[in-house]
Amino acid sequence: MEQLIEQLKQQIIESLNFEDMTPADIDADAPLFGEGLGLDSIDALELIMLLDREYGIKLADPKAGKAIFKSVRIMAEYIQANRTK
Amino acid sequence: MVYCIGHNIISPLGEDTQSNVKAVQSGHSGLKIYTDRFADVEPFCASLFATPQQFVPLCTRCAETAIRQSGIQGDSNDVIFILSTTKGDNLDLLTPALSIARHFGNPNSPIVVSNACTSGVCAQITAKRLLEAGLYKHAVVIGCDIQTRFIVSGFQAFKALSPEPCLPFSPERKGLNLGEAAATIVYTAEPHEGWRLEAGSIHNDANHLSAPSRTGEGAFRCLQDVTEGIQPHSISLLGVHGTATSYNDAMETVALERAGLQNVPISALKPFYGHTMGAAGVLETIIGMQLVQKGTFIKMLSGFGGVNAAIQLRCE
Amino acid sequence: MLNGEPVTVQETGDKMLVELYRRYAGNYPKFFKMDTLSRLGFIAAEILLGQPADQGQPQVQTVILANRSASIKNDTDYQATISDGKYYPSPALFVYTLPNIVTGEIAIRHHIQGETAFYILDKEEELAPIIHSTPFEAALTGWCECSKPNRFYAKLQIIWNN
């Protein structure tokens, strides 16, 4: 799990273009939206694409992302339970 | 002000303005479900030509009729060609504009307006300004976009598309449909009976790139500008953008109320044509003028990049 | 060049824009999400609008930019995300596949709620008649082009209509 969290942090940094940020800068339990990383709606859509591209998880309803993208840890748990690759 | 002396629409609903108006009045829609038009793309609902069209020939065919109707000479130094498009001919915007102007033997460098979904209204505003400044006597405004795998995939990634025909301003709305069409309006600076373009306004929300401002700031300011000095009850029709995305229609409702226009009859044409992008502002203005026949017609649009635009047209 | 004076930079290409961002802006992480065209226009706007204002001059509330190649560099980047066999369309890239997005980025940053517009023209001088027929008090206008990776050119100015 911890390994998946680290890998996911790296993928988030790359796909959302967080220049100057390392995985160590992201708190696995901090909220991704609002406070915390301060992601916006386009980032949410990009994370949906990341789930598809890296883990073969297709989210049809973008609203479903709300529950999954609460924190990196929750996202990793969801991936572990639903990944197809 | 500038005067409309010619117009034409080529869309999946018809080959000229009259057949398009007839189709809309009898409730025909160009929207269909496509399952294998583009590789990899999920099934989508759109208004597409039965036979895929080439960008430049579609534009020139559309403009030829409007120019003939207007009586102007396309090859005259007094005429400027203005193209409204977002993705042009396979991502190239300048070359097709040059080809269109060359097709008509026009000596002036054409202008391409690429202001996202508002382009077609912005292009008419540009025409008005150039004619009023005395730089040209006539302007041929052509709006056109053709749907591609590029565009459909992007809107799908944005989760903005409705899998079924769109429902603007309905609580059941699920998103937009895309469409393709070409539309042309010829404006002149010389006084002429019929429809004239009275006012135009463009404002940015300064809020978000892909979501409209919740307070409808830009759209409200545009409406305020183009309705200055006219009573809401004297407006015959207001053509909204009405994309049927959750945010757009809510934003437009707020903007209309803030501008005191909540009781003005509105029309949304996306259920007939889908969102025809660069063509939308021109096409929806022509249909609006035809449906109203006499009175005041307002057309508004909003788009990516936070931009909003509106025009006021009048016919006595 | 800034106000006719050369500005010294260490880096070239895309890295030069990051260098200028750190020098003239900083603390706007959204910069790193932008495509090159938007970064270019954003930096130019940042430098110009950060200059001490001439006394009594109105604030810029209009942004009118132009180029020849629209958003082609970013269009190509987006296209790479929908290539055959690797079809994962990127929404973050798709949003920049319109040339006017750079005017939106500048409007958001500087809270500009006047007119924003983007024109595609054959030659730079063709922008002048468009600008001169547009009503405004103070406008940020000019050429902003990025046709290929690491190839860009911007020439922006603030114009006041008195």
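Tutor: Let's start with a rule: two strands pair if DSSP finds at least two bridges between them. Strands themselves are DSSP runs of E with at least two residues, helices are runs of H or I with at least four, and both are numbered from the N terminus. This is a predicted model, in which local features need pLDDT of at least 70, side-chain atom pairs count only at pLDDT 80 or more, and totals for chains, interfaces and linings use all residues. Residues are numbered from 1 along each chain as its sequence is written, while chains are lettered from A and ligands numbered from 1 in the order in which they are written.

Student: What makes β3(B) and β7(B) a pair?

Tutor: They are joined by 2 bridges and run parallel. At least two bridges are needed, so β3(B) and β7(B) count as paired. Within them, B:Ser47 stands opposite B:Gly179 of β7(B).

Student: What makes B:Ala244 buried?

Tutor: A residue is buried if 20 or more other C-beta atoms, placed from the backbone, lie within 10 Å of its own, exposed if 12 or fewer, and partly exposed in between. B:Ala244 has 26 other C-beta atoms within 10 Å, so it is buried. It sits in the loop between β10 (235-239) and α7 (246-258) of chain B, and its phi is positive, about 75°, although it is not a glycine.

Student: How do you know which parts of chain B form its domains?

Tutor: The bounds come from an automatic or database domain assignment. Chain B is split into domain 1 (2-188) and domain 2 (196-315). Their contact involves 55 residues from domain 1 of chain B and 41 from domain 2 of chain B, where contact is defined as C-beta atoms, placed from the backbone, lying within 7 Å.

Student: Which element gives the largest share of domain 1's side of that contact in chain B?

Tutor: That is α4(B), with 8 residues.

Methods:
Two residues are in contact if their C-beta atoms, placed from the backbone, lie within 7 Å.
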